[in-house]
Amino acid sequence: MPRPFRFGVSLIEPAPAREWRAKCHRAEELGYDVILVPDHLGMPAPFPALVAAAGATERPRLGTFVLNAGFWNPALLAREVATTDALTDGRLELGLGTGYVQAEHDAAGLPFGSARERVDHLRHTVEELERLLDTRVPLMLGGNGERMLGLAAEHADIVAFTGASLVPGSTEGKLVPMADGDFAARLARYEELAAGREKPAELNLLVQMVVVTDDRAAAVTPLVERVPDTTVEQALELPILLVGTLEQITTQVLARRERYGFTYLTVLEPYMEAFAPVVAELGGR
């Protein structure tokens with residue numbers, strides 16, 4: 001039997017205390033299982049935002065999605081994790097990644113380094129957290145590269161896939177969707193690397209767009225115009241897009257689990273309301 005579905009929402013817009021509590025409460029009311037906060041400059045600071053979310057909710061888990069390891073010293077991060085887990089009554093799930101936006105490192109006065117150096121730092125961070133934390137929180141690791149997939153196969157409870165790749169040379173973190181075949185190949189490679197695990201990891205997919213519509217082609221046309229050599233038909237097959245009637249989107253979510261094994265889907269804040277009927281239909285199934 002497949003794992004039951006879990007659904008998360010990534011809250012990306014800063015807000016005053018009352019508004020922040022209200023949208024966290026709304027996420028719980030809509031049935032979301034996890035409230036998530038990213039780690040980008042200009043967006044909410046993850047740990048205080050999650051503590052505030054805990055005060056506004058009772059049921060959802062609370063996660064970082066995902067921390068940029070390059071922003072963090074492992075010992076100081078361990079303190080943040082331990083305190084946040086305590087203040088959220090053990091609801092914290094820790095998501096970590098290498099970071100991919102060089103401009104943010106430049107703005108913060110922090111070295112960006114090579115891809116190898118960033119993965120090395122992430123591995124060091126994971127190993128230090130395992131050593132320093134008295135209580136282990138569920139660990140999510142996200143990335144597409146070979147070494148990242150290997151690290152996730154070795155350490156992660158949850159493995160996150162974005163279904164997108166960095167535009168070569170972009171310092172602003174510009175991403176383009178991965179073709180369906182390339183995406184499937186990354187999943188297959190992860191499965192190879194994780195074949196010896198005693199307990200399979202939960203697989204997470206970040207959904208980039210949710211559009212409830214009777215005209216699927218019209219909904220993806222703006223995306224097609226921005227991505228070279230992509231047809232409407234190819235765009236509609238992208239795993240990171242959920243487009244169609246609610247019935248069609250529900251079918252697409254079930255298909256993501258059947259084909260790829262994704263049982264934990266995350267949507268971005270702008271799509272929280274649109275996706276809610278699917279959460280109500282499939283949550284826990």
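**Entry 1: charges over rings**

Which residue lies over the face of Phe112? I looked and found Arg118, at 4.0 Å from the ring centre. A note before I go on: this is a predicted model, where local features need pLDDT of at least 70, side-chain atom pairs count only at pLDDT 80 or more, and totals for chains, interfaces and linings use all residues. Residues are numbered from 1 along each chain as its sequence is written, and side-chain values use heavy atoms, with hydrogens and water left out.

I looked up Arg6 as well. Its charged end sits over the ring of Tyr264, 4.4 Å from the ring's centre. My rule for "over a ring" is that NZ of Lys or CZ of Arg is within 6 Å of the ring centre and within 35 degrees of the ring normal.

**Entry 2: rings with rings**

How many aromatic pairs does the structure hold? I get nine. Rings of Phe, Tyr and Trp (its six-membered ring) pair if their centres lie within 6.5 Å; planes under 30 degrees apart are stacked, over 60 edge-to-face, and the rest tilted.

Phe5 and Phe7 make a stacked pair, with 5.5 Å centre to centre and 20° between the planes. I checked how covered they are: Phe5 is buried at 2% relative accessible area, and Phe7 is buried at 0%. (Buried means under 20% relative accessible area, exposed over 50%, partly exposed in between, with a 1.4 Å probe and protein chains only.)

Phe161 and Tyr190 pair edge-to-face, at 6.2 Å centre to centre and 75° between the planes. This pair links distant parts of the chain, as Phe161 is in strand β7 and Tyr190 in helix α7, 29 residues apart. I noted that Phe161 and Tyr190 are buried. They also belong to one aromatic cluster with Phe183, Tyr260 and Phe262. For the element names, helices (H or I, at least four residues) and strands (E, at least two) are DSSP runs, numbered from the N terminus.

Next I went through helix α6, residues 146-155. Its buried residues are Met148, Leu149, Leu151, Ala152, Ala153 and His155. They pack against α5 (115-132), β6 (139-142), β7 (158-161) and α7 (180-193).

His155 is buried, with a relative accessible area of 11%. Leaving aside neighbours within four places in sequence, His155 is in contact (heavy atoms within 4.5 Å) with Arg123, Val126, Glu127, Glu130, Arg136, Leu139 and Leu141.

Then I did helix α2, residues 46-56. Pro46, Phe47, Ala49, Leu50, Ala53, Ala54 and Ala56 are buried there. The buried residues of α2 pack against α1 (17-29), β2 (34-37), β3, β4, α3 and β5.

**Entry 3: loops**

Where is Tyr271 found? I traced Tyr271 to the loop between β13 (264-268) and α11 (272-282). Tyr271 counts as partly exposed because its relative accessible area is 21%. Not counting residues up to four places away in sequence, Tyr271 touches Tyr32, Gln208, Met209 and Val210. Tyr271 and Met209 are 62 residues apart in sequence, and 7.2 Å apart in space, C-alpha to C-alpha.

Gly196 is in the loop between α7 and β10 (202-207). I have Gly196 down as exposed, at 77% relative accessible area. Gly196 and Thr251 are 55 residues apart in sequence and 31 Å apart in space, C-alpha to C-alpha.

Two backbone details went into the notebook too. The peptide bond from Phe65 to Val66 is cis, with omega near -20°, and Val66 lies in the loop between β3 (61-64) and β4 (67-68). Asp89 has a positive phi, near 55°, in a residue other than glycine. Asp89 lies in the loop between α3 (74-87) and β5 (92-97), and is exposed at 71% relative accessibility.

Last, I looked up the second largest pocket, which holds about 270 Å³ of space. Of its 14 lining residues, the closest to the centre are Arg3, Glu191, Pro200, Ala201 and Leu203.

My pocket rule: on a 1 Å grid over the protein atoms alone, with a 1.4 Å probe, a pocket is an open set of points with protein on both sides within 12 Å along at least five of seven lines, and lining residues have an atom within 4 Å of a point. Grid points are joined across faces, edges and corners, and the volume is the space filled by probe spheres set on the points.

I sorted the lining by class: seven nonpolar, two polar and five charged residues. (Ala, Val, Leu, Ile, Met, Phe, Trp, Tyr, Cys and Pro count as nonpolar, Asp, Glu, Lys and Arg as charged, and the others, Gly among them, as polar.)
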